Amino acid sequence: MAKTSLGSLLSRAGLDWFIFALLAMIGLAKLWPEPGIQEGIFSLSTLATYGVSLIFFFYGLKLNFSQLREGLRNHRLHLVIHLTTFVVFPAVVLAARSLFLTPDTELLWLGIFYVAALPSTVSSSVVMVSIAGGNLPAAIFNASISSLIGVFITPIWMSFLLANTTGQYDLAGVIGKLTLQVILPVVLGLLLNKRLGWLASQHKTALRYFDQFTILLIVYTAFCESFALHSFEKISASDLLWLATLMLALFFLIYGLITFLSRLLNFNREDRITALFCGSKKSLVQGSVMANVLFPGSMAGIALLPIMIYHALQLIVASILAQAMARRQTEKIEVIQE
């Protein structure tokens, strides 16, 4: 009973086994980096690349054209979500650059900006909107479109900084790789939705575990290379604490801005919830995928640190907020019925 209660408590707080597994992968990479830096057709990094394409193929398989058409109607909501995700986020981080940037933390700051440039997450955004009682069709539409837009917008944002940091950046090549790895599998899955979509619906749990396993593999291989090249030597515990504080502050700042905009535009409760949870979240899946394409090997692990911290914090905070919204709505309905 105690075990069940602890699991329930952790779940309500937004914590699950996956967050702890991410930490375990970093520890394993520190202790045993050799498997993650091997190259070849059957290497872990190659398997992770194939796994990513499968993730997005099954993601496309779960979508259908009717869901996308349903979500097209609410133009103001879409505009708020995507402007926040791809314009406001990066602008806020650029404006706050001087608060964190030092010669020793330049790569970490690059990782923070990478978080800001990433698309919104898909599954957890939809789950939180569902829990809180938001506009679910709009959440599915915006989370899905955000992932596809991010394949183009994120590399463009990163090109302004990586060209100066690494001295070389092939924007066309990066977008080409991401199109093959992400867009093509999604389109293929979407085209096969009518025939094979039932497979994705029937095996949701197995596919979720496959997604999580692939992300863990990407994180492990990225950190193996970074640890092998001693990339973390200049990063202290206080830097990580400051990073976590900044990620939490960033979440609440964006959350507050979206709340203000939603009220200004007179969104109803359902649309406001959708804007809040789709516009304030960032995708660890896309972050993991793009890090391998955007960053040189030794930089990938450091670049992933901020998105991993943001991912954990957004799950915890968003879960608490979504459940609080659901409780308030239930209490309001009960009062009306009385």
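T121 is buried, because its relative accessibility is 9%, below the 20% cut-off. The model is predicted. Mean pLDDT for the protein is 83, with 88% of residues at 70 or more.

**Around T121**
- T121 sits in the loop between helix 8 (106–117) and helix 9 (123–132).
- Leaving out residues up to four places away in sequence, T121 touches A143, K281, K282, S283 and Q314.
- One of these contacts, K282, also places its charged end over the ring of F89, 4.2 Å from the centre.

**Aromatic pairs**
- F251 and Y255 are stacked, because their ring centres are 5.9 Å apart and their planes meet at 25 degrees.
- These two residues are four apart in helix 14 (residues 237–264), so about one helical turn separates them.
- F251 and Y255 are both buried.
- F251 also pairs with Y310 in a tilted arrangement, at 6.3 Å between centres and 55 degrees between planes.
- F251 is in helix 14 and Y310 in helix 17 (residues 297–337), so this pair ties together parts 59 residues apart in sequence.
- F251 and Y310 are both buried.
- Ring pairs join F89, F251, F252, Y255 and Y310 into a cluster.
- Elsewhere, R208 lies over the face of Y209, 5.3 Å from the ring centre.

**Annotated spans**
- An unreviewed UniProt entry lists transmembrane regions, including residues 107–132 and 139–162.
- Residues 107–132 are 81% helix and 0% strand, with end C-alpha atoms 36 Å apart.
- Residues 139–162 are 100% helix, and their end C-alpha atoms lie 32 Å apart.

**Confidence**
- Helix 1 (residues 2–12) has the lowest mean, 52, and helix 15 (residues 269–279) the highest, 94.
- Low-pLDDT coordinates should not be read in detail.

Notes. Residues numbered from 1 in each chain as written. Predicted model: local features only at pLDDT ≥ 70, side-chain atom pairs only at ≥ 80, totals over all residues. Heavy atoms only, no water. UniProt positions renumbered as here; feature names shortened; annotations may be inferred. pLDDT = per-residue confidence, 0-100. Buried < 20%, exposed > 50% of the residue type's maximum accessible area, 1.4 Å probe, protein only. Contact = heavy atoms within 4.5 Å. Phe/Tyr/Trp six-rings, centres within 6.5 Å; stacked < 30°, edge-to-face > 60°. Lys NZ or Arg CZ within 6 Å of the ring centre and 35° of its normal.
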